[in-house]
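This report describes the fold, the core, the ligand shell and a few individual residues of one protein model. The sequence and the structure are shown below.

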Amino acid sequence: AAKRLEGKTIVITGASSGIGRSTAFEFARTSPKNLKLVLTARRIDALKQIAQDIVKEVGDGVKVLPVQLDVSNPDQVRSFVSNLPAEFQEIDVLVNNAGLVKGVAKAPEIAEEDINVMFATNVTGLINMTQAVLPIFLKRNNGEGAGDIINIGSIAGREPYPGGGIYCATKAAVRSFTDSLRKELISKRVRVIGIDPGQVETEFSVVRFYGDKSKADAVYANQEPLTPEDIAEVIVFTASRRENVVVADTLIFPSHQA
Ligand code: NDP
């Protein structure tokens, strides 16, 4: 795995916490020589700290670039690639991980603002990021794999639950877009990979309850959720297979969620 990732440039959205943060560490630990990591999210201070912590742990064989990027802002996404320093522009792997749920409410009561932010981040943001990075993959013609797009969906996109209608709809959209894109790009040797986690303990539920930590903690009480590392391991596994191997679609959940 380490050898196959050597020299690659990996972009991760939503790298400031949870699954994205763990994925950055997992790539760096797996391939600590000659890897380039572009870590993006809105909280730039958190990204800078993570970048420092990664280099402290694995050494400076890994180059880490923190970039402030709001995926729901189309202008920022459009200029993202051209604003990267040249040495980080030859992207090999895009991990579309940024996402959120806001509120738990029956469909008629969900606030318009929350509907818009979920779609703008989870769906349009992911599509815009894909469009921004894809030209790099498509102009590559070296007879090897041209690049990987790894989209983080959710079990919620497969099994909708009451009170989560909008979030579930965004993740169903991610799944559908991922499956369609895979078929479009397979002949171009672009691997489009969908990973759908079940319950994972991250800041996700804190965001869901507008920052109310006690409500978030109650979600995980008496449960044994997955850790963000569990998902990070799968992400890095899919990106480090032989070029001809497409681990297309993974559903991963804690046993209590079966
Ligand atoms: P976290 O809340 O810990 O992480 C979410 C990340 O997304 C943060 O880094 C956040 O960074 C970033 N983010 C949110 N909005 C934006 C935006 N507009 N632009 C850029 N980055 C943004 O939650 P998770 O790690 O759990 O979530 C990661 C992904 O996993 C999401 O897509 C989520 O839907 C999915 N998922 C999570 C599950 C869970 O149970 N935790 C289950 C299934 C799927 P910042 O605020 O700094 O911008």
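## Asparagine 128 and the basis of the model

Asparagine 128 lies in helix H5; helices (H or I, at least four residues) and strands (E, at least two) are DSSP runs, numbered from the N terminus. The model is a predicted one, in which local features need pLDDT of at least 70 and side-chain atom pairs count only at pLDDT 80 or more, while totals for chains, interfaces and linings use all residues. Residues are numbered from 1 along each chain as its sequence is written.

Asparagine 128 counts as buried because it has 20 C-beta neighbours inside 10 Å. A residue is buried if 20 or more other C-beta atoms lie within 10 Å of its own, exposed if 12 or fewer, and partly exposed in between, with C-beta atoms placed from the backbone. Not counting residues up to four places away in sequence, asparagine 128 touches Val71, Pro74 and Val77; contact requires that the C-beta atoms, placed from the backbone, lie within 7 Å. Asparagine 128 and glutamine 49 are 79 residues apart in sequence, and their C-alpha atoms are 27 Å apart in space.

## The parallel sheet

Seven strands form an open sheet with parallel pairing, in the order S3-S2-S1-S4-S5-S6-S7. Two strands pair if DSSP finds at least two bridges between them. Strand S3 (62-68) and strand S7 (249-252) are the edge strands, each pairing on one side only. On average, neighbouring strands of this sheet are turned by 15 degrees against each other, direction ignored. Axes are lines fitted to C-alpha atoms, for helices over the stretch in contact, and angles run from 0 to 180 degrees between N-to-C directions.

Strand S4 pairs in the parallel sense with strand S1 (residues 9-13) over three bridges, and leucine 94 in S4 is the bridge partner of valine 11. Four bridges join S4 to S5, and these two strands run parallel; here valine 95 has isoleucine 150 in S5 as its bridge partner. Strand S6 (residues 190-197) and S7 also pair in the parallel sense, over four bridges, with aspartate 196 opposite leucine 251 in S7.

## Strand faces and covering helices

In a regular strand the side chains alternate between the two faces of the sheet. Both faces of S4 are covered: Val93 and Val95 on one side, and Leu94 and Asn96 on the other, are all buried.

Helix H3 (residues 44-58) lies across strand S2 (35-41) and S3, running at about 175 degrees to S3. Helix H9 (residues 228-239) lies across strand S4 (93-96), strand S5 (147-152), S6 and S7, and runs at about 165 degrees to S6.

## Nonpolar cores

A nonpolar core is a set of buried Ala, Val, Leu, Ile, Met, Phe, Trp, Tyr and Cys residues joined through C-beta atoms within 7 Å. The largest one holds 54 residues, of which Ile10, Ala24, Leu37, Leu39, Leu94, Ile150 and Ile235 touch the most other members. Helix H5 (residues 112-138) contributes the largest share of this core, seven residues. A second, separate core of seven residues includes Val101, Ala156, Tyr167 and Cys168.

Leaving aside neighbours within four places in sequence, isoleucine 150 is in contact with Val93, Leu94, Val95, Asn96, Ile193, Ile195, Ile235, Thr238 and Ala239.

## The ligand shell

Around the ligand there are 31 residues, of which Gly14, Gly18, Arg42, Arg43 and Gly99 come nearest; a residue is near a molecule or strand if its C-beta atom, placed from the backbone, lies within 6 Å of it. Helix H2 (18-30), H5 and helix H7 (204-208) each supply at least two residues of this shell. The largest share, three residues, comes from H2.

By residue class, the shell divides into 13 nonpolar, 14 polar and four charged residues. Ala, Val, Leu, Ile, Met, Phe, Trp, Tyr, Cys and Pro count as nonpolar, Asp, Glu, Lys and Arg as charged, and the others, Gly among them, as polar.

## Loop residues

Arginine 189 is found in the loop between helix H6 (165-185) and S6. Its phi is near 65 degrees, a positive value in a residue other than glycine. Arginine 189 counts as partly exposed because it has 19 C-beta neighbours inside 10 Å. Asparagine 222, in the loop between helix H8 (213-220) and H9, has a positive phi near 60 degrees. With 6 C-beta neighbours inside 10 Å, asparagine 222 counts as exposed.

Asparagine 244 is found in the loop between H9 and S7 and is exposed, with 8 other C-beta atoms within 10 Å. Asparagine 244 and glycine 145 are 99 residues apart in sequence and 7.8 Å apart in space, C-alpha to C-alpha.

Notes:
Contact = placed C-beta atoms within 7 Å.
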